[in-house]
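Hi everyone, thanks for coming. Have a look at the chain on the screen, and then I'll walk you through a few spots in it.

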Amino acid sequence: MGPGQESVWDYPRPPSAEVTPRRVVVELGGRAVAATDRAVRVCETSHPPVYYVPREDVADGVLERAAGASWCEWKGAATYWDAVVDGRRYPAVAWSYEQPTAGYEHLRSAVAFYPSKVDRALVDGEQVRAQAGDFYGGWITGDVVGPFKGEPGTLGW
């Protein structure tokens, strides 16, 4: 691990969730569909961080409720979102916790985008690499080191 880097193995379980001033931008369909400097950064042992963008910082009319749901043992029931940009639908590109459990209330009205399902996701101008596996949706940047859960063979971690 180098200077200024964090190991995901030092992240807590249950996960932390804190507002960050880092600039988070999501691009889809050739344009920025979300941009904020007040995302909620969720960090959990073995996972790269996930950034939740306040819904007010997502372009109007882009998100439409998608089918399906899942359950997080910490945050509660997840809702999925499609994005519609210039008439094109991008299925299940994001998720949210509409009624998060105690301790995660500041995730209400915020949405997390899967980096693998958008054109680009950026943190402070750095392009994010997607966490493998598409289930967890973590954002890998140069200041975060693994190994990361999600790679083949890591399901039982």
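Let's start with Ala 92, which sits in strand β9. Strands here are DSSP runs of E with at least two residues, helices are runs of H or I with at least four, and both are numbered from the N terminus. Before I go on, this is a predicted model, where local features need pLDDT of at least 70, side-chain atom pairs count only at pLDDT 80 or more, and totals for chains, interfaces and linings use all residues. Residues are numbered from 1 along each chain as its sequence is written, and side-chain values use heavy atoms, with hydrogens and water left out.

Most residues other than glycine have a negative phi, and most peptide bonds are trans. Ala 92 has a relative accessible area of 23%, so we call it partly exposed; buried means under 20%, exposed over 50%, and partly exposed is in between, using a 1.4 Å probe and protein chains only.

Asp 86 is also not a glycine and has a positive phi, about 50 degrees. You'll find Asp 86 in the loop between β8 and β9, and at 68% relative accessibility it counts as exposed.

Next, the cis peptide bonds. One joins Arg 13 and Pro 14, with omega about 0 degrees, and Pro 14 is in the loop between β1 (6–7) and β2 (16–20). Another runs from Gly 146 to Pro 147, with omega near 15 degrees. Pro 147 lies in the segment after β15 (144–145).

Now the largest pocket. A pocket is an open set of points on a 1 Å grid over the protein atoms alone, where a 1.4 Å probe fits, with protein on both sides within 12 Å along at least five of seven lines; lining residues have an atom within 4 Å of a point. Which residues lie nearest the centre of the largest pocket? They're Glu 44, His 47, Cys 72, Lys 75 and Tyr 136, out of 27 in the lining. β7 gives the most to that lining, with three residues.

Let's zoom in on Tyr 136, in the loop between β13 (129–130) and β14 (139–140). With 25% relative accessibility, Tyr 136 is partly exposed. Not counting residues up to four places away in sequence, Tyr 136 touches His 47, Val 50, Trp 95, Gln 131 and Lys 149, where contact means heavy atoms within 4.5 Å.

Last, the cores. In soluble globular proteins, nonpolar side chains tend to be buried together. A nonpolar core here is a set of buried Ala, Val, Leu, Ile, Met, Phe, Trp, Tyr and Cys residues joined through side-chain atoms within 4.5 Å. The largest one has 24 residues, and Phe 113 is among those that touch the most other members. Leaving aside neighbours within four places in sequence, the contacts of Phe 113 include Val 26, Tyr 51, Leu 63 and Trp 139. There's also a second, separate core of 16 residues, including Val 42 and Tyr 80.

One more spot: is Thr 45 buried or exposed? Thr 45 is buried, at 18% relative accessible area, and it lies in the loop between β5 (39–43) and β6.
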